[in-house]
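I am opening a notebook on this structure. My plan is to go through it topic by topic and write down what I look up.

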Protein chains: 2
Amino acid sequence: MVTMNDVAKQAGVSKSTVSNVFSKKRPISKEVSEHVLQVARQLNYKPNYFARSLTTRETRIIGLNMRGEKAKFSQFHLSLINGVLRQCYERGYRLLINTLAEKYANRVEFQSSDPVDGEILLDPIEKDPRIEECLEKNLPMVVIGRTAREYSAKVATVDNDNVEAAALVTEHLVGLGHRHILFLNAAKKRTVSIDREAGFQKIIRATYQDIDQPFIAYKAEEETAIDYGYERTLDMLRHNPAISAVIADTDKVALGVYKAAAELGRVIPDDLSVMAFSDEPVFLSEFSPALSSMKLNSELLGMEAANTLIDQIEADSPSVKRTTIATDLILRASTEKNKR
Amino acid sequence: MVTMNDVAKQAGVSKSTVSNVFSKKRPISKEVSEHVLQVARQLNYKPNYFARSLTTRETRIIGLNMRGEKAKFSQFHLSLINGVLRQCYERGYRLLINTLAEKYANRVEFQSSDPVDGEILLDPIEKDPRIEECLEKNLPMVVIGRTAREYSAKVATVDNDNVEAAALVTEHLVGLGHRHILFLNAAKKRTVSIDREAGFQKIIRATYQDIDQPFIAYKAEEETAIDYGYERTLDMLRHNPAISAVIADTDKVALGVYKAAAELGRVIPDDLSVMAFSDEPVFLSEFSPALSSMKLNSELLGMEAANTLIDQIEADSPSVKRTTIATDLILRASTEKNKR
DNA sequence: CTGTTAGCGCTTTCAA
DNA sequence: TTGAAAGCGCTAACAG
């Protein structure tokens, strides 16, 4: 392996000169600089990332931390990553995807600080141990989603206004005369689930004082999105035929709903209105009929998260910036007046 | 920051004892080990990644290297990443997504060896400079796709048999009586494009000796997949109404083809047969009519690539394993006998 | 503008 | 089974 020393000797200069030719942290005369660079090229020398990071304490890598066993990306995650990556690219950072945290967490050989300058935390629950850990380690972080109130003065977040988004979706359906609405919500512990439920309930309660138990289901972590939509819809509509509208957590869940509706002989939108929280601009229009949805702009979420995090890293001061990314109600053909 | 020294002092042992408690590289008595671990926990100590990697020369990170400016993931990439990630998770590696290579390549401050134990190279062209670089640096690598022949004894690859896949697709269409087939191929320089073209040409040439110039288009790097499918189909079918079938590079391209067909008043599959090289199992069936396709099994590609790479890293010897991932012809409703 | 020196936090001989 | 000492390749403070 070629080291800085080799280059220095070969070029007849000192190590620190070579170092500064590469880091540009202090001025080096053009002649020396070019000579060093030429020798370096000839020896095929590349500075060692670790040796450098060991002293500078910076890596120019940001981490993307997913929770849970599966580490499987959805459409939402995909757009989000594309957003993160775009900003990483612009600002000269790399992205480290960290999935092993959970599995190897208690194996002593794997315990080590992550080689990142900061972390983006995905799919938070209210009291997320990952947040505590970053706080303790004093590691810059941005949470995508909402955190428990006690953290609100301590951590930066980027999120949609999920209470509002769910309220708007519900309002739209209520405005069409739907009274018995099935809400296929995300997994119960997730903050996004809690917020959307609040928005849903707010409208239902305000409109129908006599309903005491709205139809809400929660996704189980292990079940696939499509199965969740399919089975819960089948089950709920069979027991409660009065249900005339479904709000799905994601477009994959909606796909399951479509499948169940077909099986039950319910025509969308005439016999059943369907909406989803979704994003994917391409395939969405391939639903037949086209799926009305609440667009979450996840690519923007990702871009904003990366930007906030990098700002924080470079300003070298913890930020508690809280950004809300707008959602857009996109009405297509899957919702219709309640004819029941 | 808490260091190994702090733990050692606090626990009343030597640095190397602490080191070995964590690395398990030499036996430490149970009592000492537990005591050290307890002190470490109490001080909230985590071994420093860089200091460790500086001496061990391993990072337990593998790199995913994308070519080009945009760094935008498609469906294909998404499944592939999911495959890679699953294996990383199983085998205790992290994934570093490296997009800045290109942009910062000639900026001296960013020149440094990547902090990875090996790299997965995506979307290769025949003589890819990235391959040369890994070879020079002696860095384990796996290329997803085919490489130029001169590398075939030097680098491991994981790929579909794209010549065969394209031949099968073409054969299917030819079997249905299609003679004038438009092939919307990938960007010209990519190996996948070269291979598929060969398979396509092979069948066309063998069947129709009188055709001297089959209809082949190539995607431009900057144009979106949908636009490519849409505009090229519109253009080609207008000038060559005899075209009765289209082979699309990806499902997004096929989406553009569907759009163009609708605009031209061509009913799929009666007036136009369409096929694609694709993968996405969920949305694919939402094409109307359902899209016949050649399934690439990209999640398998990703899993195999990660496995091959990690094997290579752990065996500490360069591998030239070449794996071919099977493709599956999935016939749905978008292809039909040529009625023209 | 350049050189010298002293670490960064860890692993790894070597010795006990 | 443990400790002491010598680096890994680089940056940074100091000196010139």
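**Entry 1: the surface near DNA strand C**

How do the residues of the surface near DNA strand C divide into nonpolar, polar and charged? I looked this up first. They divide into eleven nonpolar, eleven polar and six charged. I note here that the model is a predicted one.

Next I asked which residues come nearest. Of the 28 residues around DNA strand C, the nearest are A:Thr17, A:Thr55, B:Met4, B:Lys15 and B:Tyr45. Of the atoms of DNA strand C that come within 4 Å of the protein, 60% belong to sugar and phosphate.

Then I looked up phosphate contacts on this strand.

- B:Met4 has a backbone N or O atom 2.4 Å from a phosphate oxygen of DNA strand C.
- B:Ser19 uses its side chain: an N or O atom there is 2.6 Å from a phosphate oxygen of DNA strand C.
- A:Ser29 has a polar backbone atom 2.8 Å from a phosphate oxygen of DNA strand C.

Which elements supply this surface? Helices H2 (15-23) and H4 of chain A, and helices H2 (15-23) and H4 of chain B, each give at least two residues. H4(B) has the largest share, with five residues.

I turned to DNA strand D. Of the 28 residues around DNA strand D, A:Met4, A:Lys15, A:Ser19, A:Tyr45 and B:Thr17 come nearest. Sugar and phosphate make up 63% of the atoms of DNA strand D that come within 4 Å of the protein.

- A backbone N or O atom of A:Met4 is 2.4 Å from a phosphate oxygen of DNA strand D.
- A backbone N or O atom of A:Asn48 is 3.1 Å from a phosphate oxygen of DNA strand D.
- B:Arg57 reaches a sugar or linking oxygen of DNA strand D, which is 2.9 Å from an N or O atom in its side chain.

Two or more residues of this surface come from each of H2 and H4 of chain A and H2 and H4 of chain B. Here H4(A) gives the largest share, five residues. I also sorted the residues by type. I found eleven nonpolar, eleven polar and six charged.

**Entry 2: helix H4 of chain B**

H4(B) came up at DNA strand C, where it supplies five residues. I went back to look at this helix itself. Which residues of H4(B) are buried? In this helix, residues 49-56, they are B:Tyr49, B:Phe50 and B:Ser53. Seen down the helix axis, they fall within an arc of 85°, so they line one face of H4(B). An α-helix has 3.6 residues a turn, so residues three or four places apart point the same way.

What do the buried residues of H4(B) pack against? They pack against helix H4 (49-56) of chain A, and against strands E1 (61-65) and E2 (94-98) of chain B.

I checked both ends. At the N-terminal end, B:Asn48 is the cap: a side-chain oxygen lies 2.7 Å from the backbone nitrogen of B:Phe50. After the helix comes B:Arg57, with a positive phi near 65°.

**Entry 3: salt bridges**

I counted salt bridges next. I picked out a few.

A:Glu223 pairs with A:Arg232, with the closest N and O atoms 3.0 Å apart. Is A:Glu223 buried or exposed? A:Glu223 counts as buried, because its relative accessibility is 18% and the limit is under 20%. A:Arg232, at 22%, counts as partly exposed.

A:Lys339 and A:Asp270 meet at 2.9 Å, N to O. A:Lys339 is in the segment after strand E12 (328-330) of chain A, and A:Asp270 is in the loop between helix H11 (251-264) and strand E9 (273-278), so the pair ties together parts 69 residues apart in sequence. A:Lys339 is exposed, at 54%. A:Asp270 is partly exposed, at 35%.

In chain B, B:Glu314 forms a salt bridge with B:Arg60, the closest N and O atoms being 3.9 Å apart. B:Glu314 sits in helix H12 (residues 298-315) and B:Arg60 in the loop between H4 and E1 of chain B, so this pair ties together parts 254 residues apart in sequence. B:Glu314 is partly exposed, at 45%.

A network of salt bridges links A:Arg60, A:Arg91, A:Asp311 and A:Glu314.

Definitions and conventions: Residues numbered from 1 in each chain as written. Chains lettered and ligands numbered in written order. Predicted model: local features only at pLDDT ≥ 70, side-chain atom pairs only at ≥ 80, totals over all residues. Heavy atoms only, no water. Buried < 20%, exposed > 50% of the residue type's maximum accessible area, 1.4 Å probe, protein only. Helix = DSSP H or I, 4+ residues; strand = E, 2+ residues; numbered from the N terminus. Arc of directions from axis to C-beta. Contact = heavy atoms within 4.5 Å. Polar contact = N/O pair within 3.5 Å; in protein donor to acceptor, adjacent residues only side chain to side chain. Near = heavy atom within 4 Å. Nonpolar A, V, L, I, M, F, W, Y, C, P; charged D, E, K, R; others polar. Salt bridge = Lys/Arg side-chain N within 4 Å of Asp/Glu carboxyl O.
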